[in-house]
Amino acid sequence: MASEIPTLIAEVGIVPVVVLDDAGRARDLAVALREGGVGCAEFTLRTPAGLAAIAAAAAVDGFLAGAGTVLTVAQADAAVDAGARFAVTPGYDPAVADRLRAGGVTVVPGVATPTEVQRALGDGFHDVKVFPASHLGGAGYLDALHGPFPDMRFIPSGGVAPDNLGDYLRRSWVLAASGSWMVPRDAIARGDFDTIAAAAAECARIRDAARAAR
């Protein structure tokens with residue numbers, strides 16, 4: 001059920017952002033991430049392979065496949081049809097969000113300002129993506145947003161890296177952190193899934209240490 005998805009994302013704590021050129025790599029990628037301890041990813045719709053990649057990854061047991069960079073209502077419909085369990089948008093378009101929700105997909109809309117957070121909250125969202133997080137002020141910016149919006153949870157994206165991942169995840173109001181460093185496009189293209197599994201395992205190690213320090 002869609003209501004369970006935020007809990008599953010929170011359990012994983014990391015949302016890899018995948019840009020895939022060959023949907024035939026999606027299943028092996030999902031398995032590598034899952035085996036490394038990161039059982040979810042958003043497959044962006046920036047390439048023609050994105051939708052087929054979502055469908056392939058969604059068939060992997062124990063893996064949560066989502067759609068990323070969903071910009072239009074047409075893309076929202078396609079993401080639903082592809083079997084996306086969640087969808088992430090870089091900004092907030094209520095028409096796109098409503099279409100995804102109508103299709104049973106959990107939506108994490110993108111925001112950058114308090115005004116956008118307040119609008120998303122008014123529309124019933126309690127989990128939002130903060131993008132581009134590093135340019136907006138990083139973890140300190142999330143602290144500032146948490147003050148007036150204590151019931152909102154954030155997914156920082158943009159500039160998240162191994163050296164600041166733990167800092168984000170130590171905050172209980174951070175649902176998960178999002179990035180692409182553990183799924184390099186060139187490694188996917190050459191089928192180097194051992195490297196990806198190792199990067200996922202390092203992310204999982206940082207995540208677990210951050211949670212222990214809360």
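Biologist: Are the faces of β1 covered or open?

Modeller: This is a predicted model, and in it both faces of β1 are covered. Ile14, Pro16 and Val18 are buried on one side, and Val15 and Val17 are buried on the other. The strand comprises residues 14-18, and five of its five residues are buried.

Biologist: Which strands pair with β1?

Modeller: β2 is joined to β1 by two bridges, and the two run parallel. β9, residues 177-179, also pairs with β1 in the parallel sense, over three bridges.

Biologist: Which residues face each other there?

Modeller: Towards β2, Val17 has Glu42 as its bridge partner, and Val18 has Phe43. Towards β9, Val15 stands opposite Ser178.

Biologist: How many residues of β2 are buried?

Modeller: Five of its five residues, 40-44, are buried, so the strand counts as mostly covered. Cys40, Glu42 and Thr44 lie on one side, Ala41 and Phe43 on the other, and both of these faces are covered.

Biologist: And which strand is joined to β2 by five bridges?

Modeller: That is β3, residues 64-68, which runs parallel to β2.

Biologist: How do β4 and β5 pair?

Modeller: β4, residues 86-88, pairs with β5 in the parallel sense over three bridges. Ala87 has Val107 in β5 as its bridge partner.

Biologist: Turning to the sheet of three strands, what is its order?

Modeller: The order is β6-β7-β8; this sheet is also open, with parallel pairing. β6 (110-111) and β8 (153-156) are the edge strands, and each has a single partner strand, so one side of each lacks a neighbour in the sheet.

Biologist: How many bridges link β7 and β8, and which helix packs on that sheet?

Modeller: β7, residues 127-130, pairs with β8 in the parallel sense over four bridges. Helix α8, residues 138-146, packs on the sheet and touches both β7 and β8. The direction of α8 makes about 160° with that of β8.

Biologist: Which residue stands opposite Ile155 in that sheet?

Modeller: Lys129 stands opposite Ile155, which belongs to β8.

Biologist: A change of topic: where does Arg171 lie, and is it buried or exposed?

Modeller: Arg171 lies in the loop between α9 (162-169) and β9. Its relative accessible area is 16%, and the cut-off for a buried residue is under 20%, so Arg171 counts as buried.

Biologist: What is Arg171 in contact with, leaving aside neighbours within four places in sequence?

Modeller: Arg171 is in contact with Ala139, Asp143 and Arg214.

Biologist: Finally, the whole chain. How many helices and strands are there, and what are the overall dimensions?

Modeller: The protein chain has eleven helices and nine strands. Its C-alpha trace spans about 45 × 40 × 30 Å along the principal axes. The radius of gyration is 16 Å; a compact globule of 214 residues would have one near 17 Å, so the two agree.

Biologist: And what share of the residues is buried?

Modeller: Buried residues make up 50% of the 214. The chain exposes about 8800 Å², of which carbon and sulfur atoms supply 53%.

Biologist: What part of the contacts comes from residues 24 or more positions apart?

Modeller: Such residues account for 60% of the contacts with a separation of 6 or more in the protein chain.

Conventions
Residues numbered from 1 in each chain as written. Predicted model: local features only at pLDDT ≥ 70, side-chain atom pairs only at ≥ 80, totals over all residues. Heavy atoms only, no water. Pairing = 2+ DSSP bridges. Contact = heavy atoms within 4.5 Å. Axes fitted to C-alpha atoms, helices over the stretch in contact; angles between N-to-C directions. Buried < 20%, exposed > 50% of the residue type's maximum accessible area, 1.4 Å probe, protein only. Rg over C-alpha atoms; globule rule 2.2 N^0.38 Å. Areas by Shrake-Rupley, 256 points an atom, 1.4 Å probe, with all protein chains shown as cover.
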